[in-house]
Amino acid sequence: MTVAGPAAERAEEQAEKKPAEPKRNKIQTGEGRLAFYLVAPTIVLLALVVGYPIVRGIYSSFQSDPGLDPATGFFSNSTHWVGLQNYKYWLLQQCPSAGGGHVKCPTGTLGSQFWPSLEVTLFFTIVTVTFETVIGMAFALVMNKAFKGRGLVRAAILVPWAIPTAVTSKLWIVIFDPQGILNKVLGTHILWTSSQWPARFAVVIADVWKTTPFIALLILAGLQNISADLYESARVDGASAWQRFTRITLPLVKPALAVAVIFRTLDVLRMYDLPAILTGGANGTTTVSILVVKQLNSGLNSASALSTVTFIIIFAIALGMVRLFNANIVGAQAKGAK
Amino acid sequence: MTAATIDTARPGQVAEAPRRPFNWSAIGNGAVLTLVVIWCFLPFYWMVVLAFRNNANTYDTTPFFSHVTLSNFRYAFDTSINKFGRSLINSLIIGAVVTIVAMVVGVFAGYALARLAFRGKGIVLAAILGASMFPGVAILTPIFQLFTNLGWLGTYQGLILPQISFSLPLAVYTLTSFFADMPWELEQAARVDGATPGQAFRLVIFPLAAPALFTTAILVFLASWNEFLLSSVLSVGKASVAPSTVAIAYFTAGPHIVPYTQTMAAGLVVTVPLVIVVLLFQRRIVSGLTAGGVKG
């Protein structure tokens, strides 16, 4: 150690660190303290902008909203503890009655839109993620083989991804206009954004257009990690193209694919921008996120209950998918992080 | 059927490789690649065409530039109808502050997660990833309530602070995977060669890390620039602070006018800088996007 002072200290730290790396459980006290100071600001900020609102939201979801008090018939500005009433409103469409019990909520309340909006959100999720994965896989397989023009394709793929969803939605409004280019090209007269199933498929088409290239990019990165030797020896052993795909490509690309599918699923489950602008949530395209925003004007504590329900559903689906794919997302991160 | 194709394909590829018979699969690949490029550019192309087309010819289906005019752009920036120009400045302000905060805070966490061994690293990573996957609406309602009480609805801080919820996790996990891949041995090598820690950082580490920092900053800025849900609700219709995504979504042209061409012009103004930046730095952006999940 010819270097003096702090440099020597840091060099020692390095020397200490190197052999320790394989045994990750070993904690160096100095590093631990340094890491704490480095990570703390991030944790504090996230606790402030994510943790605190979540906890507060859960708390207020058990409070009543200002409004007509069914017991007195007068407008009440105060809020009080109502237990699960807000949740019953969304999940069971039960409203409090004057007698203190529950009655079926009158039709037309936002509460009655919960199950339909959950259904349509799940519909969007299953259909778009399926299309995006299958088409994205095809794109990625071809791009992986190509050497000419790969740069151009990769650049092209980033274009739909880079355009803000708000702009994309406006662009598709123009394309889907009854007198617009799509109907003219197809020779049809479909009211794309103002009748139920066409409106839903308009959302699906626009979302698949925007996100498929991105999925292809993620899958391509996974494909590029597969050694060409594997394919070569499989071919020598007489494996068909289909066998090579199912026995080599699929198992080896599975981690990348699983991460892409999980991230996309979570994205579609919270989809807001596209249907909110493209169809305004009309004609059976109200996703759960749109419903929450609608509710903001008619009772924040009730909206908090809906937010919490949404959050729990998405969390449960995420957890289920991680189990299903046996994907180790955090592990992948940790491995990336050594 | 499949067996037959293998038998004919195999010798062709293995034994007679140098002669290269007519390659059908290359043609097929070329066709699919062309399809991918068309897929990506076609709707965007239509936006460009309409942005330069006279509003009276909105429903004209001529597939190339016709009735070319710049009036749509003049209209988009006409402050008496829309506050579109103002919204671009708002987007820049919000995006810049969000990016700076996320980068300054996130770079330390990214370094620690990539380089240091400490207890609870897995939990910290899980928490940060978890925060990034959060549905925006889950924090929107309580934040709306809180900002109503604070009087922060329709203010810059009210739009900037909630965006930290997704931009900071994005910055941390992108930086973590970039840092983990950097050749840190070079730092040690420089010190063995007699460099001070400051020199090692300034002359070796910083030049290596700069592209990673820059790429991450671009990704964070893009995420902020494209954000709509939080901004549209928390700006509560105040055009003086609303970002461009909100302005585009509520773009109007007065009664009895279908403002398609004008909206496309405004959309083009929002999009073109992004597309240029993305195309200039495409290699780095792709590595940044795929760095997070795919490594495992």
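## Exercises on a two-chain helical model

In helix 5 of chain A, the buried residues are Val153(A), Arg154(A), Ala156(A), Ile157(A), Leu158(A), Val159(A), Pro160(A) and Ala162(A). Keep that list handy, and remember that we're working with a predicted model.

**Exercise 1. Find out how helix 5 of chain A packs against helix 12 of chain B, and which residues meet there.**

Step 1: start with the helix itself. Helix 5 of chain A runs over residues 150-162, which makes 13 residues. From first C-alpha to last it reaches 19 Å, close to the 18 Å expected at 1.5 Å a residue.

Step 2: get the geometry. Two packed helices are described by the angle between their axes and the distance between the axes. Here the angle with helix 12 (residues 260-280) of chain B is about 145°, and the axes are 9 Å apart. The crossing of these two helices is right-handed.

Step 3: list who touches whom. Helix 5 of chain A brings Ala155(A), Leu158(A), Val159(A) and Ala162(A). Facing them from helix 12 of chain B are Leu274(B), Val275(B), Val278(B) and Leu279(B). Sorted by class, the residues of this contact come out as eight nonpolar, no polar and no charged.

Step 4: check the spacing. An α-helix has 3.6 residues a turn, so residues three or four places apart point the same way.

**Exercise 2. Now zoom out: how many residues of each chain are in contact with the other chain?**

Step 1: count both sides. Chain A puts in 98 residues and chain B puts in 91.

Step 2: look for the main contributor in chain A. That's helix 2 (residues 29-60), which gives the most to this side, with 18 residues.

Step 3: sort the chain A side by class. You get 65 nonpolar, 19 polar and 14 charged residues.

**Exercise 3. Is Gly106(B) buried or exposed, and what does it touch?**

Step 1: Gly106(B) sits in helix 4 (residues 84-115) of chain B.

Step 2: apply the cut-off. A residue is buried if 20 or more other C-beta atoms lie within 10 Å of its own. Gly106(B) has 29 C-beta neighbours inside 10 Å, so it counts as buried.

Step 3: name the partners. Leaving out residues up to four places away in sequence, Gly106(B) touches Leu168(B), Ala171(B), Val172(B) and Leu175(B), plus Thr42(A) from the other chain.

**Exercise 4. Where in chain B are His67(B) and Val236(B), and what is the phi of each?**

Step 1: take His67(B). Its place is the loop between helix 2 (24-51) and helix 3 (71-76). His67(B) is partly exposed because it has 14 other C-beta atoms within 10 Å.

Step 2: take Val236(B). This residue lies in the loop between helix 10 (229-234) and helix 11 (244-249). Val236(B) isn't a glycine, yet its phi is positive, about 35°. With 15 C-beta neighbours inside 10 Å, Val236(B) counts as partly exposed.

How values were computed: Residues numbered from 1 in each chain as written. Chains lettered and ligands numbered in written order. Predicted model: local features only at pLDDT ≥ 70, side-chain atom pairs only at ≥ 80, totals over all residues. Helix = DSSP H or I, 4+ residues; strand = E, 2+ residues; numbered from the N terminus. Expected span 1.5 Å × (residues − 1). Buried ≥ 20, exposed ≤ 12 C-beta atoms within 10 Å, placed from the backbone. Axes fitted to C-alpha atoms, helices over the stretch in contact; angles between N-to-C directions. Left-handed = near helix turned anticlockwise from the far one by under 90°. Contact = placed C-beta atoms within 7 Å. Nonpolar A, V, L, I, M, F, W, Y, C, P; charged D, E, K, R; others polar.
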